[in-house]
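These are my notebook entries on one structure.

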Amino acid sequence: MNLSENVIKVLEKRYLIKDEKGNVIETPEEMFKRVADSVASAYQEENETEELAERFYQAMTNLEFLPNSPTLMNAGRPMGQLSACFVLPVEDAMESIFDTIKNAALIHKSGGGTGFSFSRIRPKGATVASTGGVASGPVSFMKVFNAATEAVKQGGTRRGANMGILRVDHPDILEFIKCKEDNTEVTNFNISVGITADFMKAVGKDEEYDLIDPRTKKAVGKLKAKKVFDLIVEMAWTNGEPGIIFLDRLNKDNPTPALGEIESTNPCGEQPLLPYESCNLASINLAKMVKQSGKKTVVDYQKLEDTVRLVVHFLDNVIEVNNYPLTLIEEMTKQTRKIGLGVMGFADILISLGIPYDSEEGVKLGKEVMSFIDKKSKEESMELAKKRGTYPAYKNSKHKKSGLALRNATTTTIAPTGTISIIAGTSSGIEPVFAISYFRNVMDNDKLVETHPLFKEIAVREGFYSEELMEEIAQKGSLHEIEGIPAHIKRLFVTAHDIKPYWHIRMQAAFQEHVDNAVSKTVNFSHSATKEMVEEVYIKAYETGCKGVTIYRDGSRDAQVLNIGKADADKTDSQEQKKGIIPRPRPKVTRGLTEKVKIGCGNLYITANYDDNGICEVMTNLGRAGGCPSQSEATSRLISIALRSGISVEAIIEQLRGIRCHSTLSQRAKGNKEINVLSCPDAIGRTLEKLNNGRLESSDPSIEEIELTLRVQSETAEFCPECGSPVEYEGGCKVCRSCGYSKCG
């Protein structure tokens, strides 16, 4: 396999088998062989195991499709849990609630994500008959779930992720909408408000609507629908949450209403499920589904059909070989046999065909491709039903009434493809390209420029490629203001932030039209977007048939003020009114100087940047001799946060100056006259002192190479906590394409 160094690093860190000492003992090819053999073994009586395993293996190693991460991690291994998506019920009883917490912990440990509806829990202040006490409400229990998730690491490979949903007519809805106003609360949850058709009608008419007690099903109050809707918009504008899901729409498409009502989805919102259902997902790499027709690149529909049929077969097999975390989940999953076939690389196939993402032609292709996939997936499910039988719940299903004899109650889903799209080397899900070129952190704090392969190919072919241009694109984040790039290339290579929200929703709706389940898609806004723009997107999502929507305004979580306790004017306790200090966002443009300093480990390069408000960040880079790069980076980051939090430069210098390091002092003791500092922190303190006092000039002999830097990045770039590279948001979760780190909530 021709895999990049970055992909191999992601596979080694998160997917390949390791021995008890943590050494990788599996190659990528062996991983795919392990998965193919395990999944193909499901129906040995069909006498096609070896041939089927080879077909699965070839398709995966060619990166034509990939299953969800738990399947890659666990197939053919003792744990054997292959599902990504689960929904668990939360009843209004203490025993049931803590049973669900235990079950969720087992799922997280096995690599799955969980969704919950808290709508059945009685509201805060309601009487608890058994004790005579007062109920604490659904939000308080969400925090208990959150704490449990924090304690469970998903087998060291995936982080716990949850979806929390509350119906808009629950009496505690206002508390729920604001429960993530403090970014340190409920950090392992994405949250969505369950919207009803009646609520949306009331919003349109500016009317009140009823709040319903979940125990008695009786109205216990009223709220102005427009005010509640405005609060949802305001909170989403503030930090991206809550999202919204349209409950009536989910249940209208529920193929098995006799089994119950759909209340919740998985963490990224693309998979509505009944309580105790799970779903297995896989995504076809559309970038591989093209061919040349004369001089023109076109969709290879025959290859696409063959791949669709193969993946439906693969996913139906997964249901059989799966080792379920709970018996109840196995029983419910096998009742409906839901699978979720989706896509990745949609932005890349548009580029290959010369079609801009934000265009009528782009939307049209989205509809055509997904309609084809949905149709062929149903045909293959019908073929499997002839051999293996329809799903057990079929007899009381909508499919039975329509005469559609399927093996699987659902076949299509559009998931965010996060790390599997990194492995496939393609764009994520149906998202536009996030960046044409970006800096990826590598060893010793060096930065490597990663460029979109199709852009690089075209740039080389048309004669405008250069390393300097790629660095400029990585700095500016968009092609719009860069000279030397032809206009038609700028039009084709639009990024998520170049595209107007209208086109994000149009594309989501185009795919949703031909998807059984739902579509995970993030509508990206610039930092300067208004609340009215967010409201417009929410309304448009409802009007165009989407089943839910998630938005993210660039940098909004960084800029959010954290409230410690309630901001209640009547409280006199200073702790209740105290506000945490949050650093101002990193400026879009900074100026700075880089100083070369000799230390005991070699050369230390210290960059100090400033804007109109003063010094705002420090970055360090150690030379080839080594040293302690992680310690230096941590020191630099903490100094930068302190500077942007209003801590005086003088106070920081005082803390840094005089810190000693045995390596540096040892070199000084040996008579190395080039060393005139005591340690790395001492060197940083001295550089800050020089710059602060106006004594650090570009004529200084210690200033090398980057004497004056103009750094231009996205307005409020956010970075991976593991490798420091930029992160992107997908379906309410952030993903790093450099190292595969992901986190929901």
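**Aromatic pairs.** I began with the aromatic pairs, for which the count comes to 18. In this rule, rings of Phe, Tyr and Trp (its six-membered ring) pair if their centres lie within 6.5 Å; planes under 30 degrees apart count as stacked, over 60 as edge-to-face and the rest as tilted. I looked up Phe116 and Phe145, an edge-to-face pair with 4.9 Å from centre to centre and 70 degrees between the planes. The two lie 29 residues apart, Phe116 in strand β3 (residues 113-117) and Phe145 in helix α6 (residues 138-151), and their pair links distant parts of the chain. I note that helices (H or I, at least four residues) and strands (E, at least two) are DSSP runs, numbered from the N terminus.

I noted the basis of these values next. The model is predicted, and local features need pLDDT of at least 70, side-chain atom pairs count only at pLDDT 80 or more, while totals for chains, interfaces and linings use all residues. Residues are numbered from 1 along each chain as its sequence is written, and side-chain values use heavy atoms, with hydrogens and water left out.

**Burial of the pair.** Are Phe116 and Phe145 buried or exposed? Phe116 counts as buried because its relative accessibility is 0%, and Phe145 is buried with a relative accessible area of 2%. The term buried means under 20% relative accessible area, exposed over 50%, and partly exposed in between (1.4 Å probe, protein chains only).

**A second pair.** I then turned to Phe229 and Tyr538, which count as edge-to-face because their ring centres are 6.5 Å apart and their planes stand at 65 degrees. Phe229 lies in helix α9 (residues 225-239) and Tyr538 in helix α21 (residues 531-543), so this pair ties together parts 309 residues apart in sequence. I found both Phe229 and Tyr538 to be buried.

**Cluster.** Which residues form one aromatic cluster? I recorded Phe116, Phe118, Phe145 and Phe189 as its members.

**Charges over rings.** A charge sits over a ring if NZ of Lys or CZ of Arg is within 6 Å of the ring centre and within 35 degrees of the ring normal. I found Arg388 over the face of Tyr43, 3.6 Å from the ring centre. I also found the charged end of Arg553 over the ring of Trp237, at 3.9 Å from its centre.

**Helix α26.** I located Ser663 in helix α26 (residues 662-669). Ser663 is buried, with a relative accessible area of 19%. Leaving aside neighbours within four places in sequence, I found Ser663 in contact (heavy atoms within 4.5 Å) with Gly600 and Cys601.

**Backbone.** Most residues other than glycine have a negative phi, and most peptide bonds are trans. I looked up a cis peptide bond that joins Glu241 and Pro242, with omega about 10 degrees. Pro242 has its place in the loop between α9 and β12 (243-246).

Where is Asp206 found? I found Asp206 in the loop between α8 (197-205) and β10 (208-212). Its phi is positive, near 55 degrees, and Asp206 is partly exposed, with a relative accessible area of 43%.

I found Arg337 in the loop between α12 (327-336) and β18 (339-344). The phi of Arg337 is positive too, near 50 degrees, and Arg337 is buried, with a relative accessible area of 3%.
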